[in-house]
Each structure stands twice: as C-alpha cells, then as structure tokens.
Amino acid sequence: MSRSHDTGTLATETAALIMGRLSDKLPAMTRSIQELLAHERSEMAGDGELMALLYDAVQGNLEAFFPAIRHGIPIERIAPPTAALEHARRMAQRDTDVDELVRAYRLGHHSVLKLILDEVRAAKLDAELGLQVFEEIAAGSFAYIDQVSHQVVTAYQVERDRWLANRNQMRALRVREVLDGGDLDIDETTDLIRYPLRRVHLALIVWCAEHADGDELATMERFVAELAGVLGARERPLFVASDRTTGW
C-alpha cells in the first residue's frame, strides 16, 4: 500500500480489504451465527422452515453490510433484507416476545464483531492502523444494526397487530357461537379457539386508557395472563378484544 495516503484513507482502504476477505467466508460465518442464535435464543429457530429462514436472514444482513464497508455505501441507503423482515413477521405470528428479536440482533452483532476482530488480527497490521480499521468497521456495524433492528421491530409490530386482529376476530365469532348456546362440537371448538371449554370459567371485562404507542390490547392481554397465574389457572386465559381499549 502506498504510504503517501493519509491515515484515514489507508484505514478505509484496509477496512475494504478486510471485508473482502470476510466475504469469502460468508457461508461459514452465516452458519456459525445461525447455530449460535438457535442455541442461545431457541425461539428464533423453531422448526426446519424457520431455521432455514433464520439462515437467510443472517446471510441477508451480512450481504447487505459487507458491501457498504467495501464500497463506501452510506448505511442509510441500505434496505433491510427481505428474509430478515419475514423472519420478524414469523416471530410475531408465533407470539415470540419482541425482546427476543432485539436480543438476537445484539447477540449476532457481537458475534460478527468478534469475527471481524479475528480477521483484523490475522492481517498483522500496524497496531495503530489495525485499531483504526476495526473502529471504522465497528462504527459502521453499529449504525447498520441500529437501523435494521428498528426496521425489523417495526415489521414485527405491524404483523403482530394484524395477526392479533385476525385471531381475535375468529375467536370472537366462535365465542359468540358458544355463548349463544348453539349445537356445537365442544372439542372441535376447543381446538379452534385454543381454549379448554370443559372447565368452570370465570368471566372478566377489562379496559384501559389509550396509550401513546397503541399497545392497549397487548397490555390488557398480559394483565389477564398474569391475573390468571395469580389465581392458579392451569391454562392460558381466553382473551377476545371487544374494541381497542376493552377486552373480554
């Protein structure tokens, strides 16, 4: 490398070379991070299809971030990987807490930083240059994770709201059929609404004030679940939204 370059330019060019080397190891890195997440945050992997989607989400994020460092692409211009957004939606459909999604991104980011640091060390750079290179890549990675994690959480929340609305509509219809006293197959209805009907039941109406974040239904559902636990209920309670701030 030419010593006529200023330190900043040299660090940027070296960072691009480091990321180029890591790009050659992309499949192995992807598999390593996928397995780490599946082991440490089992909710992220689940069955075979979800495990494959997790792999694609990890790969998509690496394939989006690496070229940004190699070619100086501004992080704000990078669109979130389609597989990462779809994985977030699947998490919402499976009732996985959004915090699990955020923790997984933090864990994956930490793993990537370790792999980047190993590659910088393997390059045997001058100590000062190596530090500058790592700082430049790390800064870009933090900006990327901050941006993408916000976008996947948004995708999760939109899907969560849609999923809850659809599920509540179906549940409400079935519950009304039960309360109307029609000729129903109790066991079949139990399976459909995912709630054991052959029990003695306690009915509640709950309501809350509107929240700035629009999270009223989720708040009430959590409250009812906690109350059921305190009362010693063996199964998760059946929660049906009457409107945005009222639940049965």
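A charge patch is taken here as a group of residues with over 30% relative accessible area and no salt bridge, in which like charges are joined within 9 Å. In the predicted model, one such patch of negative charge lies on the surface and brings together D183, D185, E188 and D191.

D183 is located in the loop that links α6 and α7, and D185 is placed in the loop between α6 (127-179) and α7 (186-193). D183 has a relative accessible area of 83% and is therefore classed as exposed. For D185 the corresponding value is 43%, so this residue is classed as partly exposed, the range between the limits of 20% and 50%.

The protein chain as a whole contains eight helices and three strands. Their order along the sequence is α-α-α-α-α-α-α-β-α-β-β. The radius of gyration of the chain is 24 Å, well over the 18 Å given by the globule rule for 248 residues, so the chain is more spread out than a compact globule. The C-alpha trace spans about 85 × 35 × 30 Å along its principal axes. Of the 248 residues in the protein chain, 40% are buried, that is, under 20% relative accessible area.

Technical notes. Residues are numbered from 1 along each chain as its sequence is written. This is a predicted model: local features need pLDDT of at least 70, side-chain atom pairs count only at pLDDT 80 or more; totals for chains, interfaces and linings use all residues. Side-chain values use heavy atoms; hydrogens and water are left out. Patches are made of residues with over 30% relative accessible area and no salt bridge: like charges are joined within 9 Å, nonpolar side chains (Val, Leu, Ile, Met, Phe, Trp, Tyr) within 5 Å. Accessible areas come from the Shrake-Rupley method with a 1.4 Å probe; for residues, only the protein chains shown count as cover. A salt bridge is a side-chain nitrogen of Lys or Arg within 4 Å of a carboxyl oxygen of Asp or Glu. Lys and Arg count as positive and Asp and Glu as negative; His and the chain ends are not counted. The place of a charge is taken as NZ of Lys, CZ of Arg, CG of Asp or CD of Glu. Helices (H or I, at least four residues) and strands (E, at least two) are DSSP runs, numbered from the N terminus. Buried means under 20% relative accessible area, exposed over 50%, partly exposed in between (1.4 Å probe, protein chains only). The radius of gyration is taken over C-alpha atoms; the globule rule is 2.2 Å times the number of residues to the power 0.38.
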